[in-house]
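Notebook open. I am looking up strand pairing and backbone angles in this model.

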Amino acid sequence: MTEHKEKILSICNSICKNTLMETLEIEYVDVGENYLTARMPVSPRVHQPDGVLHGGASVALAESVGSAASYIFLDAKEFFVRGIEISANHVRSIQDGFVYAKAHILHKGRTTQLWEIKITDEEGNLVSNCKLTTIALPRK
């Protein structure tokens, strides 16, 4: 599994070049049978004016990891994935360090998927809880 895991993470990280994920320094760090985890540094680059993590940066992280998880766990040769709805509840602020977003699938339908993405700090404290709905569209 380790070799397979490293290959998946390498692919996820390589497709982030010249994208929002690269701008936000999002890095995919762990993958398992039903989850994908990414991390993002918390610095002034992603702060809101009062010096804490901007909720929009959290949502960008959540959608990035949820969409990448859809790509991994669906047949990417047959389908392309798009996010169609995202919601977030921000419960804790953070000023520095890293946040980790772990996407778990709640529903894997043929067309739509529902993901729960928990964003935590380095100590495992919940920062945001997000839900993402993705749609798998056939490649033609």
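I began at the hairpin of β5 and β6, where 5 residues lie between the strands and Gly124 has a positive phi near 90°. I took helices (H or I, at least four residues) and strands (E, at least two) as DSSP runs, numbered from the N terminus.

The model is predicted: local features need pLDDT of at least 70, side-chain atom pairs count only at pLDDT 80 or more, and totals for chains, interfaces and linings use all residues. Residues are numbered from 1 along each chain as its sequence is written, and side-chain values use heavy atoms, with hydrogens and water left out.

Next I looked up pairing, which I called when DSSP finds at least two bridges between two strands. β5 (residues 112-120) runs antiparallel to β6, with 9 bridges. Gln113 has Thr134 in β6 as its bridge partner.

I then checked what else pairs with β6. Strand β3 (residues 79-90) joins β6 (residues 126-138) in the antiparallel sense, over 11 bridges. Here Ala136 in β6 stands opposite Val81.

I turned to positive phi outside glycine. Asn18 has one, near 60°. I found Asn18 in the loop between α1 (2-14) and α2 (20-23). Is Asn18 buried or exposed? Asn18 counts as exposed because its relative accessibility is 73%. My cut-offs were under 20% relative accessible area for buried, over 50% for exposed and in between for partly exposed (1.4 Å probe, protein chains only).

Glu25 also is not a glycine, and its phi is positive at about 60°. Glu25 sits in the loop between α2 and β1 (27-31). At 41% relative accessibility, I logged Glu25 as partly exposed.
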